[in-house]
Amino acid sequence: MYDHSSSESARRYPAPHIVTAGDFTVKAGWTLGPRKLHDYELVYFPIGSATQYKVADTLYVLDEPCFILTRPSEEHTYLFDPSHPTRHLFIHFMTDSLTGCHDLTPLLSPGGLSWLRAGHTSLVPSLFKQLLHLAAYKPFHWEQRGNLLLYTILAEIEGLAATEPDPLSGRNLPMQVTKALQYIDKHLPLPLSIAQIADHVGWTHEHFTRVFVQHMGITPQKAISHRRIERACQLLLQTASSIKQIAYEVGFRDEHYFSRCFIQVKGVTASEYRDRYEDPRVRHLAPVEDYQGAYPLNRIIK
């Protein structure tokens, strides 16, 4: 795809470079492999399915959105979903040498990761599609732009692989858990019971609690408390209301219990939090719900 002798920009960005790319939907039950490649292959599966990927002695079931990275000479096989067509986006690429992109060496070297979950907050799927758009329509400087996008995609994947997911961020959640968080945020000032929330999402109390803890890392009751404290933090900085008023406004009926919870979550008292973080620039902001945010809203990021 990219002629390294074609431009000065090419010499400036020597690695990696794209060979081929595409967005394919294959028929149900197709098998690809076993095979070995001469280049690298990065594949994005936007929807989970019963597709299986086998590399060496490891088998991955691709039952959620994910990325697959295959290195040169790695023997691998795809067993595509036997019941439904499978869509996947792929990029084949080469590197002049790993020294040209030394920060990607752990990712591209033999023995690196083969499978990675595609988080909802990741930019990689959008970058993937933009790269394919450039390759297909060849706009101005498409080669340089495409290779820079590829480098960014690989750097993002390296970063995702090195970062432990935050269970409180709301990423990769079942629809029912997301619906429960929406319900909690909408009804924070009111008395909330776990049975009430479970009924709202259509699950039993026991099943809802088990799945919620599995994905969020905390119980539903603790999540309610945490979200009330987060809402209180916004009100402390964005309003002049008293701490007692704020406690009641976010759903606490006991000011002393609110104070204990606040210290447990934030490590300081509500008064200390207000004194430490108060900023006249945020007084004009309105409290917001941010149950799935990739970054905090209504906050100055330094």
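Helices (H or I, at least four residues) and strands (E, at least two) are taken here as DSSP runs, numbered from the N terminus. The model is predicted, so local features are reported only at pLDDT of at least 70 and side-chain atom pairs only at pLDDT 80 or more, whereas totals for chains, interfaces and linings use all residues. Residues are numbered from 1 along each chain as its sequence is written, and side-chain values use heavy atoms, with hydrogens and water left out.

Within helix 6 itself (residues 194-201), the residues I194, I197, A198 and V201 are buried; buried denotes under 20% relative accessible area, exposed over 50%, and partly exposed the range in between (1.4 Å probe, protein chains only). These four lie on the same side of helix 6 because they cover an arc of only 100 degrees around the axis, the arc being that of the directions from the helix axis to the C-beta atoms. In general, an α-helix has 3.6 residues a turn, so residues three or four places apart point the same way. The cover over the buried residues of helix 6 includes helix 5 (175-186), helix 7 (205-216) and helix 8 (220-238).

The nonpolar cores come next. Such a core is a set of buried Ala, Val, Leu, Ile, Met, Phe, Trp, Tyr and Cys residues joined through side-chain atoms within 4.5 Å. The largest has 26 residues, and L42, F67, I91, F93, F128, I153 and I157 have the most contacts inside it. At least two residues of this core come from each of strand 3 (40-45), strand 6 (66-70), strand 8 (86-94), helix 2 (105-108), helix 3 (124-137) and helix 4 (142-162). Apart from this core lies another, of 19 residues, which includes Y183, V201, F212 and I218. Returning to F67, and leaving aside neighbours within four places in sequence, its contacts (heavy atoms within 4.5 Å) include L42, V43, Y44, W115, R117, F128 and I157.

The structure holds six salt bridges. In one of them, the side chains of R117 and E64 meet at 2.8 Å, N to O. R117 belongs to strand 9 (residues 115-117) and E64 to the loop between strand 5 (58-61) and strand 6, so the pair ties together parts that are 53 residues apart in sequence. R117 is partly exposed at 35% relative accessibility, and E64 is partly exposed at 24%.

A further salt bridge joins R227 and D185, with 3.1 Å from N to O. Since R227 lies in helix 8 and D185 in helix 5, this pair ties together parts that are 42 residues apart in sequence. R227 is buried, with a relative accessible area of 14%, and D185 is buried at 6%. R71 and E74 form a salt bridge as well, their closest N and O atoms being 3.5 Å apart, and both residues are buried.

Finally, T51 is located in the loop between strand 3 and strand 4 (52-55). T51 counts as buried, at 0% relative accessibility. A polar atom of the T51 side chain lies 3.0 Å from the backbone nitrogen of D81. The T51 side chain also makes a polar contact with that of T86 (3.3 Å); a polar contact is a pair of N or O atoms within 3.5 Å, where, within protein, one must be able to donate a hydrogen and the other to accept it, and residues adjacent in sequence count only if both atoms are side-chain atoms.

Notes. A salt bridge is a side-chain nitrogen of Lys or Arg within 4 Å of a carboxyl oxygen of Asp or Glu.
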